[in-house]
Amino acid sequence: MASLSEEVLLVVKKVRQRKQDGTLYLMAERIAWGPEGKDRFTVSHLYADIRCQKISPDGKAKVQLQLVLHSGESTTFHFANESTALKDREAAKELLQQLLPKFKKKANKELEEKNRMLQEDPVLFQLYKDLVVSQVISAEEFWANRLGGVTNTDPAQYKYKQEVGISGAFLADIRPQTDGCNGLRYNLTADIIESIFRTYPAVKQKYNENVPHNLTEKEFWTRFFQSHYFHRDRINTGTQDIFSECAKQDEKGLKSMVVQGVKNPLVDLLSLEDKTLDEGYGVCGAQPSTSNSNRTVKESSNYAIIKRFNHHSAMVLAAGSRKGETPTDQASETSSTDGNSRDSDFFQPPVKKVKLQEEYEDLQQENRPKTVPLNLKKSDRYAHGPVPLQSQQYTTSQDIINSVNYIQHEMANYKPNLTQVLSSTVATSAISALSPGGVLMQAGAQQAINQMVPSEVQGELKHLYVAAGELLRHFWSCFPVNTPFLEEKVIKMKSNLERFQLTKLRPFQEKIQRQYLSTNVILLFSQWLRDWCW
Amino acid sequence: MCADDEVSLLVIVVDVNPIWWGQQAQREPEFTLSKCLDAVMVVGNSHMAMARTNKLAVIASHCQDSHFLFPSKSWRGADNGGDDASSSGDGKYELLSVANNLIAEEIRNVMSKSEYKGNSTETLLAGSLAKALCSGQEMKSRILVIKAAEDCARQYMNFMNVIFAAQKQNILIDACVLDSDSGLLQQACDITGGLYLKIPQKVALGQYLLWVFLPDLEQRSQLVLPPPAHVDYRAACFCHRNLIEIGYVCSVCLSIFCNFSPICTTCETAFKIQLPQMVKPKKKKLKQPT
């Protein structure tokens, strides 16, 4: 029923639903339709329940809008106003398009989670099919223990997606192609442009300043690629390039990065130097030159390249660590280093000094849980171990003496007589006992059960076992019964178990009995069913 | 036959309990210790004849100790060339005849020397098995036990240690039982992967040994041999020594009981068990009229 406080966003007259004329109302939280002349709504759906909307193609005579719910049902509205049908429908469609996404998130999350769990775990999926689809237990009971906290977790967690980083080679990927006549073609995609802007905010700044007032985009990029800023050797920066400022800014930025250094106490970059090993095995006379003036031309161009390289890498890393930065944020850069990057975040390492002072777990005294000391009073019990008491044959000492004397007498003159070890009758009787079917070979006639029963039956048995286990778990978790809710649940579970037995176990048992006549198999199954389930 | 010169050792442990064999000789004169030893020699010879690299050892397990019948300390190998003891008239392979003579000599010594002292009537099988394990260290070996007398429960611990050591070293233990079933040997065979056989006819011992126990592990997979028997692994409770299927185990000393008792009698640990909560009957509250 429509409450008076609901805000009506759109009213569309002459909308037919199920061949009945009526009016469509789009409200703040739901969409409703009421037949002509009546006050009540016959159809009402919350936006949260709607999965998607569909419209009939433009060429069709009937202008329709269909709402598909999460539960699979669908409702179709036919816009019957001759003149404004299409307009009405478009209006309704656009409003829905704006509203649906707001409500979508809540319901979907749970469903998504459930779907994901079912997809990831085939055993769970099978269990779900066996129990819920065949209506042995309801879906809420099934999910009661499993979801445990989907709705409780911080929704912000789900919004966290990993941001795509910047490829270090994005500039190199713009491979220039020869144009045929002394020109070069650079292919710039939106991705590359974005990477350039993220890595070099100075370029972005220039872009914002100049385009579209002074230069077109194409011109800007042409100049960019022509500038020495882009090319490897930035030796002559004195030209009237709009990018010469960028170069200067980069220099500044690099210097400040170096000055800042690395705040990690475990890393000591200053002890790294270029040490040249001379012929004297490390003893070299002249000090390595660090001042610019002593450099040769070649050295200085190498130096420039390496410097450029380092700067580029640092920028790429810094850009990657700037999370969720919006384009309008440029003005508020609180960089402590240079205008180019927010390196303050990046260069703040975890406080390792504190960690060093922390005690290492391994070196501490072990805190073992308290145990009971072993104090055996009757240790002779272990001497014979868990072996049953066997009736000892009591021999009198006279017997013993007699036997010993007898055997000593016999063995005193022992001579091996190897030709008389076996007689043929004895040997043949032994062989017959050992042949298949003989006395000693009886046990082998029984095949293993798992060879006699095909794998589908085994699989079905496994599913039944798992399903029965799940039901029993629900049943036993109700004990001890101290609330009326648990009491109800116990009764319900009992009826569930009975239903399970009726719908699943009995038919399975009968199927086995019909197909596999071997008594062993039937006996085994019925015994298992009896023991396990009851 | 395998092409590589892998040494394969067969250790035969023979139970020569004089009391049992003395009684047996009086019960059944056609099968005595002499006959048994003859059969053992036949198997030993056959094993050595199968391949040149096969080796044999025979241990006699007595009530008081265990002796190596072969190879014995008095065996000097080739030094005995020309000795009339080693030359038997039938042109036998010399190694075999030497072995047989040595075994015979040693067993005579063993049986005549033993003065019966004390009242132990049990075979020291665990010790013999331990000796057998030690002798089979550097090579592929297996142990064949020919058991006559009954099990001795007092050797249980040692026995189980030996069995697990054999399992770790991949040494098979086979058992050929003459008289009464032995649970310990059944376990030994099951754990190490050997064969257990209780033979119905003692006089046919030689045939059984040749048929079942002569082939080694790889050859056995190609043969149809008696299937493994079902081993009863049920433990016996410490209080009554009855075999139980479900019992109570003390978590401190691991002793097994058939009934629950709040104090373990072996280590005197007291256990606190939470009894199920009693649901008190609720008094019905009278509803106040609103």
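Predicted model: local features only at pLDDT ≥ 70, side-chain atom pairs only at ≥ 80, totals over all residues.
**Entry 1: the A–B interface**

I began with the contact between the two chains. I find 51 residues of chain A in contact with 67 residues of chain B. The two chains bury about 5100 Å² between them. Of that buried area, 66% is on carbon and sulfur atoms.

I then looked up the polar side of the interface. Between chain A and chain B I count 13 residue pairs in polar contact. The salt bridge count between these chains is one. The partners are Lys377(A) and Glu268(B), whose side chains meet at 4.0 Å, N to O.

Next I asked which elements of chain A give two or more residues to the side that touches chain B. They are helix 12 (380–384), helix 13 (397–412) and helix 14 (424–434). Helix 13 of chain A supplies the largest share, eleven residues.

**Entry 2: chain B as a whole**

I noted the make-up of chain B next. Its secondary structure comes to eight helices and ten strands. Chain B has 290 residues, and 48% of them count as buried. Of the contacts in chain B with a separation of 6 or more, 63% are between residues 24 or more positions apart. I put down its accessible surface as about 15200 Å², with 54% belonging to carbon and sulfur atoms.

**Entry 3: Asn54(B)**

Asn54(B) sits in strand 2 (residues 54–61) of that chain. Is Asn54(B) buried or exposed? Its relative accessible area is 12%, so I record Asn54(B) as buried, the cut-off being under 20%. Leaving out residues up to four places away in sequence, Asn54(B) touches Ser8(B), His47(B) and Met48(B).

**Entry 4: salt bridges within the chains**

In chain B, Glu6(B) and Lys140(B) form a salt bridge, with the closest N and O atoms 3.7 Å apart. Glu6(B) is in the segment before strand 1 (8–15) and Lys140(B) is in strand 4 (residues 140–147), so this pair ties together parts 134 residues apart in sequence. Glu6(B) is partly exposed, at 38% relative accessible area. Lys140(B) also counts as partly exposed, at 31%.

Asp174(B) and Arg220(B) meet in a salt bridge at 2.7 Å, N to O. Asp174(B) belongs to strand 5 (residues 172–177) and Arg220(B) to helix 8 (residues 217–220), so the link here joins parts 46 residues apart in sequence. I find both Asp174(B) and Arg220(B) buried.

Salt bridges with shared partners join Arg89(A), Glu90(A) and Lys93(A) into one network. Arg89(A) is buried, with a relative accessible area of 1%, whereas Glu90(A) is partly exposed, with 23%.

I checked helix 6 (residues 201–210) of chain A and found it mostly covered, with seven of its ten residues buried. The buried residues are Pro201(A), Ala202(A), Val203(A), Lys204(A), Lys206(A), Tyr207(A) and Asn210(A).

Last, I looked for nonpolar side chains on the surface. Val123(A), Tyr465(A) and Val466(A) form a nonpolar patch there, with about 240 Å² of accessible area together. Tyr465(A) lies in helix 16 (residues 455–477). With a relative accessible area of 37%, Tyr465(A) is partly exposed.

How values were computed: Residues numbered from 1 in each chain as written. Chains lettered and ligands numbered in written order. Heavy atoms only, no water. Patch = residues over 30% accessible without salt bridge, like charges linked within 9 Å, V, L, I, M, F, W, Y side chains within 5 Å. Areas by Shrake-Rupley, 256 points an atom, 1.4 Å probe, with all protein chains shown as cover. Helix = DSSP H or I, 4+ residues; strand = E, 2+ residues; numbered from the N terminus. Buried < 20%, exposed > 50% of the residue type's maximum accessible area, 1.4 Å probe, protein only. Contact = heavy atoms within 4.5 Å. Buried area = accessible area lost by both parts, 1.4 Å probe. Polar contact = N/O pair within 3.5 Å; in protein donor to acceptor, adjacent residues only side chain to side chain.
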